Amino acid sequence: MVVVINFGGQFAHLIARRVRDLGVRSELLQPNTPLATLKKLSPDAIIFSGSPHSCYDKNAPIVDPKIYDLDVPILGICYGLQLMAYQFKAKVTSHQSKQFGKEKLTLKKSPLFKSLKSEEIVWFSHGDQVDTLPAGFKIIGSSKNAKIAAIENVKKRLFAIQFHPEVTHTAGGQKILENFLFNISKVKKDWNLFEVKNQIVASLKKEIGNEKIIMAVSGGVDSLVCATLIKEAAPDNLYLIFIDTGLMRKGEIAEVEKIIKT
């Protein structure tokens, strides 16, 4: 199982999704989650998400520095790189040369970049940068405007990258996540969406029994997925009511009505 620490980045949930796509269970936790709670979960790996914050600000979200002593592999992404470096006493500052969009990244040999080319196109989205290399780490990736764009401490199994491997704009992003999960962290596959769905449906069947269910749906993902699962569990017991919120796009009301009637 992999824990994704959500520092408020726009792609935090996508990171968790990409991990599940690789067949590994993932859970999102807040950075202020007590270390004792994290230990109870016994994660095989931890991933730090991005964030709109600056790690050096007074009220920036941070993790307990003792997290690095858990002997669990950690991958820092964007803000995750900056925070990791900062907590290892490196200098992090705001730069005039911001990086937003596709950039060419020059890679050095690293278990994180196994099977990737020496140059890759990646997706940056940051204003702050790491200016000095934290003790015990070495640089494994650089770009035109960011000398320290990827770092590693192989002994502690700590890795961090300034770009976003979870977005499709980073061509080798999924391979980087694969390398971190399976080659570095030795994570076992423990997540299958179809098995999870079947478990949910079986649980619903047991709970519903012969009871009748009236459910309101708005046309959003949450209510429609929930309705679909309940309908599969008890197809003759579910009565749906569509609530028009007035926020639907053109043609969506007819589309939702069609889905509900099938």
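Modeller: Happy to! Contact here means heavy atoms within 4.5 Å, and helices are DSSP runs (H or I, at least four residues) numbered from the N terminus. This is a predicted model, where local features need pLDDT of at least 70, side-chain atom pairs count only at pLDDT 80 or more, and totals for chains, interfaces and linings use all residues. Residues are numbered from 1 along each chain as its sequence is written, and side-chain values use heavy atoms, with hydrogens and water left out.

From helix H5, the residues Lys 197, Ile 200, Val 201, Leu 204, Lys 205 and Ile 208 meet Leu 229, Ile 230, Glu 232 and Ala 233 of helix H6. Sorted by type, this contact has seven nonpolar residues, three charged and no polar; Ala, Val, Leu, Ile, Met, Phe, Trp, Tyr, Cys and Pro count as nonpolar, Asp, Glu, Lys and Arg as charged, and the others, Gly among them, as polar.

Now for the geometry. H5 spans residues 193–208 and H6 residues 221–233; they pack at an angle of about 65°, and their axes are 8 Å apart. The axes are lines fitted to C-alpha atoms over the stretch in contact, with angles running from 0 to 180 degrees between N-to-C directions.

Elsewhere, the charged end of Arg 20 sits over the Trp 191 ring, 5.8 Å from its centre (NZ of Lys or CZ of Arg within 6 Å of the ring centre and within 35 degrees of the ring normal). The structure also holds six aromatic pairs, with ring centres of Phe, Tyr or Trp (its six-membered ring) within 6.5 Å, and planes under 30 degrees apart counted as stacked, over 60 as edge-to-face and the rest as tilted.

Notes:
Helices (H or I, at least four residues) and strands (E, at least two) are DSSP runs, numbered from the N terminus.
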